[in-house]
Amino acid sequence: MANNNKKPLRSFYFWWFAITVLLVVIAFFAPLHWMPRVMSPQEHMTVVTMILFTVLAAPVAAGVYAVVMMTLRHHTYKGNDVPPAGPAVRENSVLTVTWLGVSVLLTVVLLVWGLGVLAADDGGATSNPLVVKVTGQQWVWSFAYENNGKLVESNTLVLPENREVVFDVTSEDVTHGFWIPQMGVQVDANDGEITTIHTTPNKLGAFDVRCTQFCGLNHAFMVTTGEVKTPQAFNNWLAAQPSRS
Amino acid sequence: MTTTMTSPMSSSHAPASTGGGLARKQNFLTGVLGGVLFAFIAWALSHHFLDNSSRTYSDLVAVFTGIGWMFGFWLGIGALNAPFAWLIGSDQNRADQLYYAGENQGKVRYWKYCTDHKVVGVQYIIMTMVLLGAGGILAMAIRTELIVPGNHFVNQQVYNGFVAMHGMLMILALIVAVAGPWANFVLPIMCGARDMAFPRLNALSLWTLVSAAALLLTTLAVGSLPVGWVVLAPITDQAGVGMDFFAMAILVFTVSTTVAGVNTICTVMTMRTKGMTLNRLPIFVWGSMIAAALGLYAFPYFFLVETLQILDRTESTSFFVASGGGQGWLQANLFWLMGHPEVYVILLPAIAALFEIASVMSRKPVFSYRTAIAGMAALAGLSILVWAHHMFTTGWAPTLGGPFMVTTELISIPTGVFFLVLVGTLWRGNIWMKLPTVWLFGFIANFIIGGITGIYLSDIPIDNELHGTMFVTAHFHYVFVGSVLFGAIAALAFWYPKVTGRFLDEKVGRISFWLTFIGVQVTFLSMFISGLKGMPRRYSSYSFLFEHTNFLTTVGAYTIMAGMLTLLGAVITSWNKGVPSGPNPWHANSLEWMVPTPPPLENFDVLPVITSDPYNYGEEKVNS
């Protein structure tokens with residue numbers, strides 16, 4: 001009898017361990033392999049947080065899968081008639097309280113981490129940010145910079161490296177979603193409102209701008225590209241653009 | 001008898017000589033005829049008399065046509081007979097009531113305004129399958145369009161309409177998928193009641209849903225709804241008359257869910273038999289009641305938001321239009337005040353049915369019954385405080401991001417309770433591997449993935465990256481398809497013998513399970529990768545960056561379709577030709593298995609007296 005009880009438990013622990021390991025491997029592989037190139041602190045924290053959350057969730061998910069595997073392997077009834085009654089366990093208060101305790105604890109960890117990352121991001125404004133006005137309209141993005149009192153407009157988004165950028169986002173018509181996948185920043189462009197996000201690009205190179213809010217016929221084609229340049233190259237680019245006063 | 005039964009449509013005619021006049025001949029067909037006739041009259045009148053130079057002309061005509069369809073349908077099918085009879089001073093007698101309950105009418109009663117809760121339950125099964133079928137065809141069209149980059153299969157305007165209509169039809173289908181058939185068919189018997197508390201309202205909830213769904217489907221023919229299923233303002237301002245039909249359909253749908261919810265709660269609260277105390281109620285009854293209560297809170301917001309939408313369109317108000325002083329965020333708030341609780345209105349009946357199935361199939365009591373009820377109630381309570389997590393990236397009230405993140409992540413605690421209850425119930429049981437059990441295990445596997453991916457999205461820094469991408473789409477499809485639909489199919493396989501007296505075909509059912517289960521993994525795991533790579537939702541075309549994962553998603557979607565068609569085949573063929581099951585095939589203890597199969601009209605000859613809950617497996621048997 002005792003032997004019979006240990007075999008399913010061994011199977012449970014085996015699957016618990018194996019699936020946890022598998023999920024931890026996925027936790028590191030998936031975000032690093034599939035997510036876009038990291039070009040800002042926000043995107044960096046997004047990737048780190050996804051790995052952390054997956055690692056924390058791995059033993060919980062693996063525990064449930066392990067019970068399923070153990071049950072399928074050892075506790076399915078093989079006869080053709082009605083199975084006899086199982087153990088009449090209605091409650092196990094130690095298990096219930098432990099389970100609730102662990103889920104509360106995990107939730108608190110997620111919240112403290114998440115709120116901390118959020119607060120650090122909100123508090124990080126510098127004294128001299130570059131302000132870019134972003135305007136969405138069906139189905140193009142346009143960007144406006146101020147250069148010595150003159151207005152410079154562009155259909156591609158050029159940003160300097162390592163300087164904070166504040167995006168003032170609005171729309172001419174319906175709601176659009178302004179999103180830079182490589183920088184982990186996203187905010188809707190609303191008609192009649194200005195919404196704001198900020199980031200600090202920290203890698204040179206090209207990035208994408210996509211619309212994430214359904215905006216009608218050509219929603220799928222409301223994309224443009226951008227580039228992070230060195231501060232010197234950015235200033236040269238800005239000066240070379242035609243401008244309006 | 002004759003005067004009480006005469007419908008307003010037939011009031012100018014002499015009653016037919018036998019059987020209570022024209023009202024006795026009403027059915028689905030006369031409903032459709034009445035609807036089309038009244039819709040045509042309403043269209044002709046409004047078309048003729050309204051000022052056709054007005055900007056709101058076509059919207060007003062559409063709204064009046066919609067109203068005509070609804071009232072014509074209800075008149076034609078007989079939904080208004082009893083209220084009108086009451087208005088003119090006479091009420092239904094016992095013979096009328098038995099007639100409306102479908103006594104001795106055979107299969108015809110399934111096409112009528114029938115008050116028998118078991119007939120309504122079967123009608124809901126058919127309704128769910130029709131909605132899933134229509135939504136499924138659109139899903140296949142969407143995936144076919146997305147099999148390779150570029151637009152090849154349908155044009156973008158049509159595609160955008162398909163996306164919105166697929167979402168809306170599937171949401172409606174899943175709202176009724178478990179609560180519709182089973183909270184009607186088995187819930188009253190489980191409580192030891194002869195019928196629902198309000199049998200006529202029960203029929204009303206079904207046929208208002210039919211009339212609303214029909215109107216919703218006609219939008220495909222009148223310019224569709226190219227705005228996404230959340231119908232976010234202000235883009236709705238650019239949609240044609242399809243948007244008016246949609247809004248009308250939602251108003252009526254809200255009436256349907258409200259009527260059904262009130263009925264469920266009143267039945268449980270007032271119709272329980274002697275000894276059926278609240279702590280002996282089957283857990284499915286608790287889950288259905290909590291979901292119904294949550295629906296009563298949530299769906300009025302839907303009514304409100306679509307009413308304002310109609311006013312914006314027909315009366316040139318501007319609740320949601322910025323140029324007139326309105327705000328799209330108002331619409332988004334109202335919509336998600338409905339939209340998030342609605343997710344749990346969908347989920348809770350499925351979860352509760354699975355608790356029931358887990359107990360019966362593992363031959364063990366439901367583990368931690370009280371914690372399970374508390375978990376469902378806590379989930380319902382929390383779900384009304386989380387709506388703005390759908391709006392983290394809209395720019396509305398950034399300072400509220402933190403508080404909404406807290407409420408949202410707290411949801412994982414009651415969700416964890418559900419796994420505790422399921423796993424605790426299965427633990428060391430003698431698992432009876434039948435079709436319902438197979439789908440139950442599929443549910444557990446998928447709901448873990450759907451649940452955990454929701455935690456990422458509740459974290460604002462991650463949401464700023466993944467909001468509006470295919471990652472979100474994959475997440476809620478794991479919840480809706482992988483979990484709720486699997487739960488609904490488990491419930492169907494479990495209670496199917498009670499409805500038909502026959503088992504749902506075990507072998508074909510398992511083929512369907514494996515096709516669907518593998519299909520779900522291929523479809524939505526690859527969709528997660530598309531999302532991580534940066535593909536936004538509702539794209540009619542995409543860059544070559546997302547080529548391989550989208551191809552896989554389409555292949556997986558076709559596999560799900562094969563699984564669903566297989567299941568449909570089993571449901572149809574087993575209905576008359578399946579293996580006979582007897583009245584209690586699972587040897588369960590709850591009351592629905594104690595009555596004959598199919599249950600007679602009014603269920604019980606003598607109402608039973610209850611002395612224990614139905615979960616006394618392995619304990620001394622006191623309840624027979």
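Predicted model: local features only at pLDDT ≥ 70, side-chain atom pairs only at ≥ 80, totals over all residues.
Okay, let's start with a helix pair: helix H2 (residues 41-74) and helix H3 (residues 93-122) of chain A pack at an angle of about 175°, and their axes are 12 Å apart. That makes H2(A) roughly antiparallel to H3(A), because angles over 145 degrees count as roughly antiparallel, under 35 as roughly parallel, 65 to 115 as roughly perpendicular and the rest as oblique. Axes here are lines fitted to C-alpha atoms, for helices over the stretch in contact, with angles from 0 to 180 degrees between N-to-C directions. Helices (H or I, at least four residues) and strands (E, at least two) are DSSP runs, numbered from the N terminus.

Residues are numbered from 1 along each chain as its sequence is written, and chains are lettered from A and ligands numbered from 1 in the order in which they are written.

On the H2(A) side, the contact is made by A:Gln42, A:Met45, A:Thr49, A:Leu52, A:Phe53 and A:Leu56, and H3(A) brings A:Leu106, A:Val109, A:Leu110, A:Trp113, A:Val117 and A:Asp121. Contact means C-beta atoms, placed from the backbone, within 7 Å. By class, the residues where H2(A) meets H3(A) come out as nine nonpolar, two polar and one charged. For those classes, Ala, Val, Leu, Ile, Met, Phe, Trp, Tyr, Cys and Pro count as nonpolar, Asp, Glu, Lys and Arg as charged, and the others, Gly among them, as polar.

Zooming out, chain A has four helices and eleven strands. Its C-alpha trace spans about 90 × 40 × 30 Å along the principal axes.

Chain A splits into domain 1 (2-76 + 93-122) and domain 2 (130-244), with bounds from an automatic or database domain assignment. The C-alpha centres of domain 1 and domain 2 of chain A are separated by 37 Å. Eight residues from domain 1 of chain A and twelve residues from domain 2 of chain A form the contact.

Now the sheet. Five strands of chain A make an open sheet in the order S4-S10-S9-S6-S7, with mixed pairing; a pair needs at least two DSSP bridges. Strand S4 (157-160) and strand S7 (185-189) of chain A are the edges, each pairing on one side only. From one strand to the next, the twist averages 25°. Strand S6 (residues 176-180) of chain A pairs with S7(A) in the antiparallel sense over five bridges, and A:Phe178 stands opposite A:Val187 in S7(A). Helix H4 (residues 231-240) of chain A packs on this sheet, touching S4 and strand S10 (223-229) of chain A, and its direction makes about 140° with that of S4(A).

So which helix of chain B gives the most to the side that touches chain A? The contact takes 72 residues from chain B and 70 residues from chain A. Several elements give two or more residues on the chain B side, including helix H13 (328-362) and helix H16 (412-426) of chain B. The answer is H16(B), with eight residues. The chain B side has 36 nonpolar, 27 polar and nine charged residues.

Methods. Contact = placed C-beta atoms within 7 Å.
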